Amino acid sequence: MPDIPENPFLDTLITRQRAEPCTMVIFGATGDLTNRKLIPALYNLAASSDLPTQFKVVGFARREKSDEEFRKELEEGNKKFSRQGHSNELWGSFAQSIHYHRSEFTDAAGYAELKNVLDKFDAERGTPANRLFYLATAPEFFSVVLEQLAAAGLNEPPAGKWARVVCEKPFGTDLASAQRLNKIVGEVFHERDTYRIDHYLGKETAQNLMVLRFANEIFEPLWNSRYIDNVQITCAENLGMEGGRGGYYDTSGALRDMVQSHLFQLLSLVAMEPPTDLSADSIRDEKVKVIRSLRHLTSPEDVAANVVRAQYTAGVVDGVERPGYRQEDRINPQSNTESYVALRLKIDTWRWQGVPFYMRVGKQLPKKATEISLQFKQPPQNLFKTNEVQGGQNALVIRIQPDEGISLRMISKQPGVMLRMQPVKMDFHYNTSFGKASPEAYERLLLDAMAGDATLFARNDEVEHAWRYIDIVENAWHGAGKQPPMCEYPAGSWGPREADELLSADGRSWRRI
């Protein structure tokens with residue numbers, strides 16, 4: 001049998017998931033994120049035997065409760081939200097690692113006591129443990145928690161161990177606030193120990209993008225302006241402001257809530273150049289180059305020509321009547337916040353020169369779906385007039401959610417004596433191909449944070465370059481002078497007429513989902 005040469009890329013992939021023993025402290029532990037996502041993710045990692053040994057969780061929050069009360073509340077959430085169901089036996093074992101610590105975020109004594117708790121755990125283990133601090137609080141508490149961690153010395157790990165911080169989005173509300181927050185984080189934790197989380201990158205199909213591109217010879221040679229006509233990224237939601245979300249959303253909007261983070265992350269994975277290796281910084285170097293290469297919009301008129309913003313009006317979604325955006329709970333009746341945005345972007349690189357990237361994201365659309373579609377150019381000599389076949393353009397579609405998978409659309413002859421053509425799909429589904437459900441995004445991301453792999457987390461410069469682009473659009477919308485219009489679309493439709501015109505002006509149309 002021939003010798004297999006050493007492959008550092010393969011070694012990186014093999015070692016990436018070895019999470020180290022640690023104690024995880026969740027700030028804001030009584031919130032929805034902990035109940036719905038974090039604890040079910042940790043429970044499922046325990047069910048798969050992926051949690052490191054001697055693992056502990058400490059919930060840090062302001063409400064008064066005991067360890068047992070905290071565990072009981074989390075158990076009820078786990079029964080609802082665990083991907084693999086709920087086992088009383090497994091939960092009984094897993095719950096013994098969960099503890100509760102009551103303190104105000106601003107109380108220095110609470111952090112001093114937290115340090116005593118962590119030191120006590122280390123004494124019980126007989127060895128110091130690594131520490132993972134998870135900021136699941138509202139963003140306005142990030143700086144408070146970070147400063148208190150530093151004052152208590154909790155950012156300095158025991159000898160030979162590490163201390164890391166995970167920050168939930170949104171990481172800032174504009175460039176200036178993101179820079180301030182980066183400065184505060186940088187004064188408390190090294191950049192290598194800072195993990196800015198975006199759960200979209202934990203989804204299986206998003207992770208598979210690099211494998212699809214760089215491990216398959218048939219795709220990478222076609223991944224450029226010579227063969228690709230346009231790229232479309234869609235993130236559709238069939239919900240509105242349920243669950244009291246209106247108060248937050250009306251201060252943010254679709255552009256800042258989704259485009260700056262989730263969609264720019266997907267864009268960078270689609271458009272990036274091959275990294276020199278699979279290390280976190282090599283991959284993130286290439287992602288940052290994409291965001292830096294976005295052609296900036298230079299005036300409000302330029303923004304109006306390339307960006308459409310809209311709010312939904314009353315309509316019907318899934319057979320249910322829905323109110324308009326301005327009639328939703330906790331929404332200002334005169335709100336000027338967009339629930340939908342569509343963009344035409346250009347990336348000024350050799351690979352993508354002349355290829356438009358279209359993005360759209362919106363609330364109260366007909367279905368929930370996130371996908372990336374690469375539309376290929378027509379053959380140079382169209383013998384069969386495939387342009388006359390409805391939906392006949394070749395397309396590679398990467399479905400991020402809910403039905404994760406990849407499909408390739410091509411033209412085929414229908415059976416029979418007549419020459420009739422129709423589009424057909426080669427379809428790959430994760431669940432059916434591998435016989436098991438994909439892990440939840442937070443499972444992968446928490447495991448990576450424990451393993452010290454920052455590949456799927458945003459770096460400080462990546463965040464700031466994204467905000468630079470978003471700020472230009474926001475300033476055109478809300479600054480002095482003539483502002484681009486706020487369009488409308490009925491709930492249950494695919495968005496405003498102006499978003500269709502954005503593509504039709506280029507002789508293109510949105511892919512039908």
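**Close-up views of salt bridges and a helix pair**

**View 1. Arg213 and Glu220 are joined by a salt bridge, with 3.5 Å from N to O.** A salt bridge here is a side-chain nitrogen of Lys or Arg within 4 Å of a carboxyl oxygen of Asp or Glu. Arg213 is buried at 0% relative accessibility, and Glu220 is buried too, at 18%. Buried means under 20% relative accessible area, exposed over 50%, and partly exposed in between (1.4 Å probe, protein chains only). Please keep in mind that this is a predicted model, where local features need pLDDT of at least 70, side-chain atom pairs count only at pLDDT 80 or more, and totals for chains, interfaces and linings use all residues. Residues are numbered from 1 along each chain as its sequence is written, and side-chain values use heavy atoms, leaving out hydrogens and water.

**View 2. Glu73 and Lys65 form a salt bridge, their closest N and O atoms 2.8 Å apart.** Glu73 is partly exposed at 38% relative accessibility, whereas Lys65 is buried at 12%.

**View 3. Glu501 pairs with Arg497 in a salt bridge, with closest N and O atoms 2.7 Å apart.** Both residues belong to helix α16 (residues 497-504) and sit 4 residues apart, about one turn of the helix. Helices are DSSP runs (H or I, at least four residues), numbered from the N terminus. Glu501 is partly exposed at 36% relative accessible area, while Arg497 is exposed at 53% relative accessibility.

**View 4. Salt bridges that share partners link Lys115, Asp119, Asp122, Arg125 and Arg131 into one network.** Across the whole structure, the search finds 39 salt bridges.

Conventions. Helices (H or I, at least four residues) and strands (E, at least two) are DSSP runs, numbered from the N terminus.
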